[in-house]
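Hi,

Here is the structure I promised to pass on. Have a look at it first, and my notes on what turned up follow below.

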Amino acid sequence: MSGTSSPRTISPRLQRVAEVSRQNPDMIWTTLAHHIDLDLLREAHRQVRKDGASGVDGQTAEEYAASLEENLTSLLDRFKSGSYKAPPVKQASIPKGEGKEVRRIGIPTFEDKILQKAVTMVLEAVYEQDFLDCSYGFRPRRSAHQALDAFWRRTMWMGGGHVLKLDIEKFFDMVDHDQLRAILDKRVRDGVIRRTINKWLKAGILNENRGSIGTPQGGVISPLLANIFLHEVLDTWFENQVRPRLEEDALLIRYADDATLVFSLRSDAEKVWRALEKRLQAYGLRLHPEKTRLIRFTRPGPNSRKDDPTHPGTFDLLGFTHYWGKSRKKQWVIKRKTASDRFSRSVKNVSEWCRRHRHMDIPSQQARLALKLKGHYQYFGITGNTRCLRNFLCEVKRIWRKWLNRRSQKGRMPWKRFYKLLERHPLPKPRIVASAVT
């Protein structure tokens with residue numbers, strides 16, 4: 001994934017850690033903290049986002065950079081001596097889907113982000129050698145598009161199947177600290193690093209006590225801890241214990257806590273579903289009873305129609321609705337389009353931005369909207385999704401004209417005038433950035 005650290009691009013010492021970890025999968029590391037020095041903290045500072053919201057101390061990236069060397073030296077001393085105190089995270093809520101449900105995000109302080117990033121870089125050198133190919137989320141050189149491509153190719157090869165769409169209820173809020181520590185003990189027992197991780201786990205949210213469960217979604221190190229946890233709970237369990245006992249082929253694709261399984265046989269899917277519920281309960285987790293579902297997604301027959309009751313269902317994965325459709329060669333293939341909730345959310349975000357910035361000058365508005373469109377195309381621009389991209393562009397144009405029309409009672413913006421404006425300030429057209437043979 002772009003912007004994610006890689007041991008090969010950080011330091012020869014971390015590259016050596018990666019090599020030793022790969023050659024010795026059962027090795028337990030007891031000394032790793034010495035790899036975190038000023039050079040690594042500088043690299044961590046370089047990689048941390050500078051435009052993110054500030055934490056509980058209100059310090060911005062610019063303010064921290066004003067005395068960067070002094071601040072990093074102090075941070076390193078406190079980390080090595082054990083006197084570093086993890087500040088509580090500031091909580092923010094963002095909409096989750098189209099309903100009233102929200103996702104709670106924890107915002108660490110900028111300095112905390114730097115140290116979390118440095119520790120993440122060291123731990124990645126170890127755990128990247130252990131993680132399986134089925135895991136894609138928040139990993140170096142891996143992306144959602146790669147996960148989608150792997151799912152598409154493997155499921156096409158299987159001829160479809162029965163899709164078990166997992167939803168682990170409030171995963172980040174329910175990670176059991178003792179279970180996480182036990183999993184970490186199998187690979188990393190460095191005292192300095194482990195004590196620092198414990199401080200982050202116990203830090204809690206501002207004005208709230210964390211307790212013995214949960215890791216803040218939004219923390220720099222949280223995605224790695226989630227991957228370490230689910231690697232043990234789900235990935236290795238499925239590959240080593242479940243798949244060898246199945247009657248037919250099966251597939252697991254996991255992106256962070258979003259996991260999707262495909263089975264050739266429905267009976268295999270039902271057995272794994274029951275076993276999975278018990279497996280997660282043993283680690284303090286549970287499947288969402290309404291959002292976890294089993295979908296028949298087998299390849300349609302030659303004369304199958306969409307309105308046929310036996311026609312396979314659809315499901316969403318990583319923002320795309322997957323469904324069976326006819327290719328240009330009139331063959332049944334798995335197609336993908338922007339999921340309706342993601343489309344609605346994107347349109348809503350553009351509408352809110354245009355409302356707030358309708359008095360900005362036209363060239364500036366066009367430049368910002370062009371960036372938003374390019375970002376949308378960059379993710380949703382995959383083969384077969386051109387219609388949704390065009391619909392999104394049409395919605396953006398409609399919304400932009402709507403709010404330009406409301407700038408004042410005198411300066412109306414009828415469609416004829418708006419089209420002339422688009423000739424002078426055009427918006428980028430849809431484009432495909434990720435292709436698959438369909």
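Let me start in a loop: K330 sits between β8 (320-326) and β9 (332-338). The phi of K330 is near 65°, a positive value in a residue other than glycine. With a relative accessibility of 62%, K330 counts as exposed. For that label, exposed is over 50% relative accessible area, buried is under 20%, and partly exposed is in between (1.4 Å probe, protein chains only).

Before you go further: this is a predicted model, where local features need pLDDT of at least 70 and side-chain atom pairs count only at pLDDT 80 or more, while totals for chains, interfaces and linings use all residues. Residues are numbered from 1 along each chain as its sequence is written, and side-chain values use heavy atoms, with hydrogens and water left out.

R141 is another non-glycine residue with a positive phi, about 60°. Its place is the loop between α5 (110-127) and α6 (144-158), and at 52% relative accessibility R141 is exposed.

Now the strands. In β3 (residues 160-165), six of the six residues are buried, so the strand is largely enclosed by the rest of the structure. Two strands count as paired if DSSP finds at least two bridges between them. β3 pairs with β6 (residues 293-298) in the antiparallel sense over six bridges, and there G160 stands opposite T298. β3 also runs antiparallel to β5 (residues 258-263), joined by four bridges, with V163 opposite V262.

β4 and β5 run antiparallel and are joined by six bridges, with L252 opposite L261. The two strands form a hairpin with two residues between them, and A256 in the turn has a positive phi of about 60°.

Next, a helix. α11 (residues 266-282) has 17 residues and reaches 25 Å from its first C-alpha to its last, close to the 24 Å expected at 1.5 Å a residue; that expected span is 1.5 Å times one less than the number of residues. Which residues of α11 are buried? They are D268, A269, V272, L276, R279 and L280. Seen down the axis of α11, the buried residues fall within an arc of 85°, so they line one face of the helix (the arc is that of the directions from the helix axis to the C-beta atoms). R274, K278 and Q281, on the other side of α11, are exposed. The cover over the buried residues of α11 includes β3, α10, β5 and β6, where contact means heavy atoms within 4.5 Å. Just after α11, G284 takes a positive phi of about 80°.

On to the rings. Rings of Phe, Tyr and Trp (its six-membered ring) pair if their centres lie within 6.5 Å, with planes under 30 degrees apart called stacked, over 60 edge-to-face and the rest tilted. A search of the whole structure finds 17 aromatic pairs. One of them is the tilted pair F171 and F229, at 6.3 Å centre to centre and 55° between the planes. This pair links distant parts of the chain, with F171 in α7 (residues 171-174) and F229 in α10 (residues 222-242), 58 residues apart. Both F171 and F229 are buried. Elsewhere, ring pairs link F151, F297, F315 and W324 into a cluster.

K326 lies over the face of W332, 4.9 Å from the ring centre, and the charged end of K337 is over the ring of Y323, 5.4 Å from its centre.

Cheers

Definitions and conventions: A charge sits over a ring if NZ of Lys or CZ of Arg is within 6 Å of the ring centre and within 35 degrees of the ring normal.
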